[in-house]
Structure formats: structure tokens, C-alpha cells
Amino acid sequence: MWYVIQVYSGREKYCENLIRNHVERQLMDECRFPRYLEPRKKDGIWVSEERILFPGYIFIKSNYIEDLFFQLKRVPRMTKILRMEEAFIPLNAAEEAFIMQFTNEDQVVEVSKGVIQNKKVKVLSGPLVGYEGLIRKVDRHKRYAWLDIPFGEGKNINVRVGLEIIKAI
């Protein structure tokens, strides 16, 4: 099952490396922090930069969460595994599927391309195809979209992903 570890925002890569170096390999299958590509203009040229999809969170896949919890206590700069009272909360199937479907094998969400048709966004290519209903806001100038995705018990979180609008019809 996948679990969420809260870490200091901006230190995700550092904490991922600490976890990989301090935790026994058999206690975790995977450790990752998903990212997205964000188009940015540098010196007049559009380039894609990687940004963290869920700032302050790392995802860990483990079947031994109790043992993992005690090993993580030894990792410096670690905060906590998300839990409710005494029970650790794994990602539900829909949350896990969302992350796996939107990210590529490198855990990166690629930039989608679309058009605005009758004041509605129509995604033509990329991971957002078919998920236009999740888009809450589009910034055409900066080439990204805010998504409102279900995450946790009855909660929604806002995440930003790359979306290039090629034209408005």
C-alpha cells in the first residue's frame, strides 16, 4: 500500500535520499515524490522546468508500515507519516490510480496541450485528456492549470500542472 510522509517543503529530494539511505530495503517497495513540468520563459525561449506536484509530501509503498515507521524515526529531518489517531492512512485505490495514471515512469506529469472552445477547455494531448472536469483555473499566459482533485476522506486539494492552450475558438 502507498502511504504519505510529510516532510519540509522544498526538501523532498533530500528527504527521499535520506530515506533510501537509512531504511532497510525490504521495508519499502518504492519511495517517490511526483513532479510536473511547468513551461517557463527564460531569455525569450520557452523551456520546461520540473516542479513538485505535492510540495511537502513523499509517497512510500510498503507492506510493513509499522516497522517502516520505527525506521523512519531514525531519519533526520523527517516529520511524520500521515495517520488518523493511531492508524496510518494509506492512499485509497482512486488516489493511487490518479497519481499512477497522470505521471510517467519517472513520476513526472507532462505538459498537456489544449484549446478553449466556447469558454471551456478541451485537452487535445497529454495526461489531462478526459479530465477537463478537474480543471478549476487556467493561466494561459503562464501556461498552467489548477486542478481540484479528490484526496483523502472527503477532501480536495489543488495542484498545478502544465497546460498549454494553443488557441481559443
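Strands are DSSP runs of at least two residues marked E, numbered from the N terminus. The structure shown in these views is a predicted model.

**View 1. Residue L82 in the loop between β6 and β7.** L82 occupies the loop that joins the two strands β6 and β7. With a relative accessible area of 28%, L82 is partly exposed, because this class lies between the limits of under 20% for buried and over 50% for exposed. Apart from neighbours within four places in sequence, the contacts of L82 are V4, Q6, Y57, F88 and I89. One of these residues, Y57, is 25 residues from L82 in sequence, and their C-alpha atoms are 9.7 Å apart.

**View 2. The buried face of helix α2.** Helix α2 spans residues 65-72, and its buried residues are I65, L68, F69, Q71 and L72. Viewed down the axis of α2, these residues fall within an arc of 165° and therefore line one face of the helix. An α-helix has 3.6 residues a turn, so residues three or four places apart point the same way. The cover over the buried residues of α2 includes helix α1 (12-22) together with strands β1 (2-6), β5 (57-61), β6 (80-81), β7 (83-84) and β8 (87-88).

**View 3. Residue Q117 in strand β10.** Strand β10 comprises residues 112-117, and Q117 belongs to this strand. The relative accessibility of Q117 is 37%, and the residue therefore counts as partly exposed. Beyond its neighbours within four places in sequence, Q117 is in contact with K122 and I169. The C-alpha atom of Q117 is separated by 8.7 Å from that of K167, a residue 50 residues apart from Q117 along the chain.

Technical notes: Residues numbered from 1 in each chain as written. Predicted model: local features only at pLDDT ≥ 70, side-chain atom pairs only at ≥ 80, totals over all residues. Heavy atoms only, no water. Helix = DSSP H or I, 4+ residues; strand = E, 2+ residues; numbered from the N terminus. Buried < 20%, exposed > 50% of the residue type's maximum accessible area, 1.4 Å probe, protein only. Contact = heavy atoms within 4.5 Å. Arc of directions from axis to C-beta.
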